[in-house]
Amino acid sequence: MFQLQEIVDRLGGDLLGEPALAVARVATLEQAGEGDLAFLANRKYVAQARACAATALIVSPDAVEQMSGRSLIVTPDPYLYFARVAQLFSPPPAVQPGVHRLAAVACAVPGSVQVGPGASIEEGVELGEDVVIGPNCHVGRGTRIGRGTRLAANVTIYHDCVIGEDCILHAGVVIGADGFGFARERSGAWVKIPQVGRVLIGNDVEIGANTTIDRGALDDTVIGDGVKLDNLIQIAHNVRIGDHTIMAGCAGVAGSAQIGARCMIGGQAGISGHLNIADDVVVSAWTLVAKSIPKAGVYTSNLPLQTHGDWVRNFSHLRHLDALAKRVRHLEQQNNDGPKDRDPG
Amino acid sequence: MFQLQEIVDRLGGDLLGEPALAVARVATLEQAGEGDLAFLANRKYVAQARACAATALIVSPDAVEQMSGRSLIVTPDPYLYFARVAQLFSPPPAVQPGVHRLAAVACAVPGSVQVGPGASIEEGVELGEDVVIGPNCHVGRGTRIGRGTRLAANVTIYHDCVIGEDCILHAGVVIGADGFGFARERSGAWVKIPQVGRVLIGNDVEIGANTTIDRGALDDTVIGDGVKLDNLIQIAHNVRIGDHTIMAGCAGVAGSAQIGARCMIGGQAGISGHLNIADDVVVSAWTLVAKSIPKAGVYTSNLPLQTHGDWVRNFSHLRHLDALAKRVRHLEQQNNDGPKDRDPG
Amino acid sequence: MFQLQEIVDRLGGDLLGEPALAVARVATLEQAGEGDLAFLANRKYVAQARACAATALIVSPDAVEQMSGRSLIVTPDPYLYFARVAQLFSPPPAVQPGVHRLAAVACAVPGSVQVGPGASIEEGVELGEDVVIGPNCHVGRGTRIGRGTRLAANVTIYHDCVIGEDCILHAGVVIGADGFGFARERSGAWVKIPQVGRVLIGNDVEIGANTTIDRGALDDTVIGDGVKLDNLIQIAHNVRIGDHTIMAGCAGVAGSAQIGARCMIGGQAGISGHLNIADDVVVSAWTLVAKSIPKAGVYTSNLPLQTHGDWVRNFSHLRHLDALAKRVRHLEQQNNDGPKDRDPG
């Protein structure tokens, strides 16, 4: 429970209304009831906001006039403010320091660190203060994990990687598995190239469940500060991702691709190897990036949904586009040549 | 070993042939031999069925005439009947009740429950009768798991989720990791929005290996009864999936999408966020659904395979489709304007 | 540290230069410094190779002339040679035999085998010499694992599977989960078909992190010798993959597909069920294979990247391709009919 005044004292914003009003949680306009703090992030929901049962609302300055009579926190970016209030109401669970009796730990562990049951930590691992190693995680020899970073259950970090501070690694994440590198014999058989690079992860990085980030072949794989990766993403060896880039679920990045800062990569997007993507690039969901993108902007290559019948009718032509284009060129030539050619009679 | 009469007594169907004949397993028409029960699910394999070495066959009424001389179980849907007989021959392994000495359990465990080595179960977890928690699984505080549900190895369920009865969660499944929710600061940095919703999963749900289902942001993520999810599927926060919907491997569903009942979603399909898909919709493999589908039917958007050379030739035109369409329009205008415009001489 | 002569003695190749020169690691042309052995795999980097600070270089015979004055190892395939030297410098870590006290092992374990903390191995499992079972792995009853095979952490192998010799299974891999097989009731509910086949994996197979390979329904799923699978790949039940085929990250193969030997399948590619792909087929990244490929070659079906604006402009026509083609046909008919039809005046 926070009083509105307390919230504004901590997070800023202008309070219009009763400072002593108490709210217990944040809620959407739809769900909000007595004791809730809702937020209006989009002007098209003004009517809903006026009618909503929330005790108070977070709104932008230009919405104040239409919300008269309501208790308001006014801030330029209500959605961002909502995120901060939500953190206030729902802080991460407190670290419960100690090493579980069923953990296997071969390194020094600071007193503030929590190591869950079934965790195994090899020799030479360095753990910062307040680190949480979840149940059944494995941390390989020589890896360093920065202060405040939390590993959920069943996370695997291979040897000699570096994870920054205040990161969150969700369950099933795998960091530092061998990159996919092989040389081919004449017989067709593949000879493994040992992957001796590392994975270096910055601070404030969040990595979704079952996402995998491979170690580099000779050089390192590098993930910048503040990067957010969703679930089931594949980051191949020697990829470099700039600060604050965000990537949605099931995206895949092939080896040695370099992605700039503040990029937004859509779900199931694919990024080919050995290319460069500039800062501030947005790649739509379900889009393949097979060449470098030197300039900020929004890039897309996906297909419109159709009924199966329309798809059959329309897409049968895709295999004959070149012929179609040639037929159009031929028609143009006929027309340019005038009617004589077409009507020899 | 079951006699044909026993099978029909348990599962229904009409027996034509020797009731005392014993069969020991089900098999395909190709593989079936002495002691096997095969099934004819598709009339185009009648000849193969007649020649097959199986001791008996499951057939539909309209195939009986052509199978004279064979021992038959006659049923309207032989494939469904095959599934039921296969369950008879291969029931799930019996639960072996007890908590392994290497498990870490902080809740009450019914006597009929099996908890494997390395499993960790936090306080306040409620387990129904006959639940199996596999090796190295983790179940977070306050989660409820219904009667008869089985977790294979290395499954992670976060706190406060609800799993129904008779579900199967395969190895590496992650339920209830944080949804992917962030608000952006002007600097480009992302502020985490705490994910305080839950995951609610119905009864008779099967979830494939390494599939991930995120918890809701404010509201819950909801999976209906009888839903079947294949491997490596990503279900984002606040998604709702209706009863008996089935989804093939590597599909991805973005946040707040609502999918109806009895839908069939193909492999590697993508479903964008905040849209609605009606009941009984079929989405083809490898298809992106970027807008709502209000009506049952089959929907597709994928590309025809080509040799690389044909692909280069044909798909180079995709970046110039608009120009091509304009050229066609221009030709039409020329033609409609008559020959004068085209032959000013 | 190896002297050049030692390397050539072990791996072949012709030594041009000082036999006693010692090198400590392999490096790229860019990174190489004193004590490094670099390689020139592509003639376009000759200038860089000449300038590079490496102590010695691996080159092909046709590059020798341009590299005069440098210490060289000459071999027909420098990249392959590099792979072998890299293995010399970075052999896999030695097996540390023994069963960790926190492992739960119900089978006989050869003295040369390493079993990590939290591992659980059920009855009837057969382990070859020098096998490594990583931390928190689970191996189900009756499974056989061949000599020298290594499982990283958190790997799950279900019951009754067969893994060959000298394989590497990376963290989070799941082998032998149930295939995705159901029969549908009239109500729309799905009846599970027990999956009683196995997974059979050959020798020298490497499987990337969080990749899943399902067990067969009635028959087995089969992975040939020398197959290399990247991370987050889904192999469905009854798939068969020929020897030395390689598959990049996030690819998906649907049930009963048969893939030949020495194929190369690109990242995020999809292969539909019940089809055949010949030997030596190359499938480009992000390509759907929805029909059989009876002949070796390169096959592609993916989309060109566009700015979002160009994409809107161009791809809006995809839903009207059939109409466009009909308009072109109509124009052709008009032209063939001569100007009379078009200029009735």
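Is Asp310(C) buried, partly exposed or exposed? In this predicted model, Asp310(C) is partly exposed, with a relative accessible area of 30%. Over all chains, the structure holds 42 salt bridges.

**Salt bridges within helices**

- Asp310(C) and Arg313(C) form a salt bridge through their side chains, with an N to O distance of 2.7 Å.
- These two residues are separated by about one helical turn because they lie 3 residues apart in helix α4 (residues 308–315) of chain C.
- Arg313(C) is also partly exposed, at a relative accessible area of 43%.
- In chain B, the side chains of Lys326(B) and Asp322(B) form a salt bridge at 2.9 Å, N to O.
- Both residues belong to helix α5 of chain B and are 4 residues apart, about one turn of the helix.
- Lys326(B) counts as exposed at 52% relative accessibility, whereas Asp322(B) counts as buried at 13%.

**Salt bridges in chain A**

- Arg262(A) and Asp279(A) form a salt bridge in which the closest N and O atoms are 3.9 Å apart.
- This pair links distant parts of the chain, 17 residues apart: Arg262(A) is in the loop between β32 and β33, and Asp279(A) is in the loop between β35 and β36.
- Arg262(A) is partly exposed at 28% relative accessible area, and Asp279(A) is partly exposed at 37%.
- A network of salt bridges links Arg147(A), Glu165(A) and Asp166(A).

**The interface of chain B and chain C**

- Chain B contributes 70 residues to the contact and chain C contributes 78 residues.
- About 6,000 Å² is buried between the two chains, and carbon and sulfur atoms give 62% of this area.
- Trp286(B), Leu305(B) and Asn335(B) supply 12% of the area that chain B buries against chain C, more than any other three residues.
- There are 3 salt bridges between these chains; one of them joins Glu206(B) to Lys192(C), with the closest N and O atoms 2.8 Å apart.
- Strand β39(B) is joined by 2 bridges to strand β38 (residues 297–300) of chain C, and the strands run antiparallel.
- Within this pairing, Gln306(B) has Thr300(C) as its bridge partner.

**A buried asparagine**

- Asn231(C) lies in the loop between β27 and β28 of chain C.
- Because its relative accessible area is 1%, Asn231(C) is buried.
- Its side chain makes a polar contact with the side chain of Asp214(A) at 2.8 Å.
- Asn231(C) touches residues of chain A and chain C, including Thr212(A), Gln234(A), Gly208(C) and Cys250(C).

Notes
Residues are numbered from 1 along each chain as its sequence is written. Chains are lettered from A and ligands numbered from 1 in the order in which they are written. This is a predicted model: local features need pLDDT of at least 70, side-chain atom pairs count only at pLDDT 80 or more; totals for chains, interfaces and linings use all residues. Side-chain values use heavy atoms; hydrogens and water are left out. Contact means heavy atoms within 4.5 Å. Buried area is the accessible area (1.4 Å probe) that two parts lose on being put together, summed over both. A salt bridge is a side-chain nitrogen of Lys or Arg within 4 Å of a carboxyl oxygen of Asp or Glu. Two strands pair if DSSP finds at least two bridges between them. Buried means under 20% relative accessible area, exposed over 50%, partly exposed in between (1.4 Å probe, protein chains only). A polar contact is a pair of N or O atoms within 3.5 Å; within protein, one must be able to donate a hydrogen and the other to accept it, and residues adjacent in sequence count only if both atoms are side-chain atoms. Lists of a residue's contacts leave out its neighbours within four places in sequence.
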